[in-house]
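These are my notebook entries on how two chains meet.

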There are 2 protein chains.
Amino acid sequence: MQGLARQGLTGQNRGNGPASPPDHPLQAGLTPDSTLDGRGPLFDQIKRAVAGQILRGRWQAGQRLPNEAELSSLYGVSRQTVHKAIALLAREGFLVRRRRAGTFVATSRRDRFALPIEDIGDVVARDGRVYEFRIRDRKIFRNGEGIRWPDLPDGTPILTLECLHFSDGTPIQHERRLVNLDVVPEVVDESFDVVAPSRWLVDRVPWSSADHTVRAVNATAEMAALLGVEAGAACLSIRRQTMHLSRPVTLVHFLSVGDRFSLSGSSITDSATELNL
Amino acid sequence: MQGLARQGLTGQNRGNGPASPPDHPLQAGLTPDSTLDGRGPLFDQIKRAVAGQILRGRWQAGQRLPNEAELSSLYGVSRQTVHKAIALLAREGFLVRRRRAGTFVATSRRDRFALPIEDIGDVVARDGRVYEFRIRDRKIFRNGEGIRWPDLPDGTPILTLECLHFSDGTPIQHERRLVNLDVVPEVVDESFDVVAPSRWLVDRVPWSSADHTVRAVNATAEMAALLGVEAGAACLSIRRQTMHLSRPVTLVHFLSVGDRFSLSGSSITDSATELNL
DNA sequence: TCGACGATAATGTATGTACATAATCTTTCG
DNA sequence: CGAAAGATTATGTACATACATTATCGTCGA
């Protein structure tokens with residue numbers, strides 16, 4: 001049997017599988033090598049095989065690919081196994097499936113590039129530098145009184161924090177943060193002598209979602225002084241609002257010196273990396 | 001049967017499912033409501049139910065959750081269905097599974113925030129504005145002769161493009177692009193009168209992966225003139241290198257005026273959104 | 001000719017069964 | 001006592017089966 005099964009079936013094949021030999025004609029131009037590489041579980045091998053066909057341009061964007069039954073006999077595995085592989089590829093955005101119509105190679109990968117946004121402390125530490133931070137200011141307000149957090153009802157108690165982050169002693173990021181005290185009242189008892197606010201919140205409020213906006217701004221005189229650059233220096237500004245159970249938890253503005261900090265990442269979809277394409 | 005099944009089972013239950021009533025004690029503190037919401041497929045309901053437990057803090061980070069057999073009888077579905085739900089949550093990064101040890105709520109959500117990077121044309125169009133672009137320059141070099149693309153061998157033919165992007169007539173982005181002619185030789189015959197280079201390449205070279213770097217820089221005098229801002233204005237600089245079959249395809253530098261362009265997006269992992277948490 | 005409607009073909013979900021795999025726990029023996 | 005060997009347990013994969021769901025295609029009739 002093609003020597004493809006690495007796992008399972010220590011004895012003989014348990015019985016009645018599809019197992020028709022790979023002498024299928026299929027639709028013109030759609031005849032894959034049908035050789036699985038034998039590495040890892042079958043459904044992963046199928047994923048790789050299919051992704052490979054696409055990658056090599058044998059199956060082009062928008063094109064329909066063989067249905068599950070055909071793939072099943074082509075690769076000599078059951079329909080469920082094919083289904084799992086194909087459904088995963090679809091879930092990861094490589095394929096589009098429509099009932100009755102079939103499975104198609106996805107066309108648009110335009111908006112699939114994504115940049116991970118990491119905690120500044122992690123970034124600095126990973127660079128092998130010494131990370132420090134300093135709380136510069138800390139106050140409590142009620143929303144609407146001297147401060148305004150748009151997504152929060154007026155009167156909600158808010159803790160404000162102002163903080164500087166250092167890499168090897170050089171200031172690299174300024175942080176201005178609002179915390180919703182209705183959601184995280186314990187924060188008033190936390191001094192942030194050791195743990196940075198971002199870290200503390202992440203550990204405290206699990207499973208939050210967030211939205212981000214990144215832009216470039218010129219440093220004001222005040223910020224420039226804090227960050228040790230000339231006024232007007234280009235800075236990366238990241239605004240992040242974090243939600244938990246559809247309630248805003250925290251709203252932060254990070255400001256980082258342009259030539260000391262950057263965002264970077266690679267893609268296609270993390271999942272594609274697993275396929276090591 | 002708890003009125004949970006929305007699909008399937010038009011007649012009666014086909015037979016021998018687990019179906020023990022939800023009067024289970026389970027481990028202390030781990031007793032979910034065991035009420036599925038009846039919306040959508042069972043495995044999705046399970047996903048939501050489990051995610052909900054975590055979200056509501058009933059199952060905390062690091063904690064072990066009931067095994068598949070227990071969940072199966074708790075929710076009154078088969079082990080496979082539970083397995084599918086839990087395995088998906090694990091694949092999406094919400095849970096961590098270890099054989100024999102069990103399933104645990106994932107701890108770190110730190111690096112899960114991600115920013116999508118979209119095509120400028122799409123962004124402008126979505127804003128309801130008129131998108132235009134203009135090719136300003138176009139040359140052909142060999143790598144190392146007057147130009148250098150680090151990841152490419154010397155001598156490789158390269159097409160260079162310089163391009164401006166407009167929103168409602170206002171310049172918002174400058175693009176400087178290198179294209180590897182060994183990979184996409186057809187590009188020399190393309191005038192880019194209608195289709196922008198990014199779009200053309202995406203349509204031509206499917207399934208590429210890319211890495212990005214985003215930083216903030218001050219506009220040089222030349223760039224400032226092109227973009228219609230004063231010299232020194234803060235700009236967002238995006239560098240993107242695209243690969244296909246581990247060969248570099250194109251290397252682009254985008255430069256966008258800080259107050260006319262920003263990156264934004266929301267997260268936790270796209271997949272979480274599906275759960276509408 | 002066009003629309004309704006039923007047949008059909010594709011994917012989607014759920015369950016049972018069987019075995020593989022990998023930790024972890026337990027026992028046994030030097 | 002400690003290490004090796006074996007039992008146990010939880011997850012992982014594969015397959016068969018059965019039925020649901022949903023476009024799409026044809027056909028038939030007004």
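Entry 1. I looked up A:P116 and found that A:P116 stands opposite B:A114 in strand 4 of chain B. Strand 4 of chain A, residues 113-117, runs antiparallel to strand 4 of chain B, and five bridges join them. Strands are DSSP runs of E of at least two residues, helices are runs of H or I of at least four, both numbered from the N terminus; two strands pair if DSSP finds at least two bridges between them.

Entry 2. I noted the conventions. The model is predicted, with local features needing pLDDT of at least 70 and side-chain atom pairs pLDDT 80 or more, while totals for chains, interfaces and linings use all residues. Residues are numbered from 1 along each chain as its sequence is written, chains are lettered from A and ligands numbered from 1 in the order written, and side-chain values use heavy atoms, without hydrogens and water.

Entry 3. I looked up the extent of the contact (heavy atoms within 4.5 Å). Chain B gives 57 residues and chain A gives 57 residues. The buried area (accessible area, 1.4 Å probe, lost on putting the two parts together, summed over both) is about 4900 Å², with 60% from carbon and sulfur atoms.

Entry 4. I then looked up salt bridges (a Lys or Arg side-chain nitrogen within 4 Å of an Asp or Glu carboxyl oxygen). There are two between chain B and chain A. A:R91 forms one with B:E92, whose closest N and O atoms are 3.6 Å apart. On the side of chain B that touches chain A, strand 8 of chain B supplies the largest share, ten residues.
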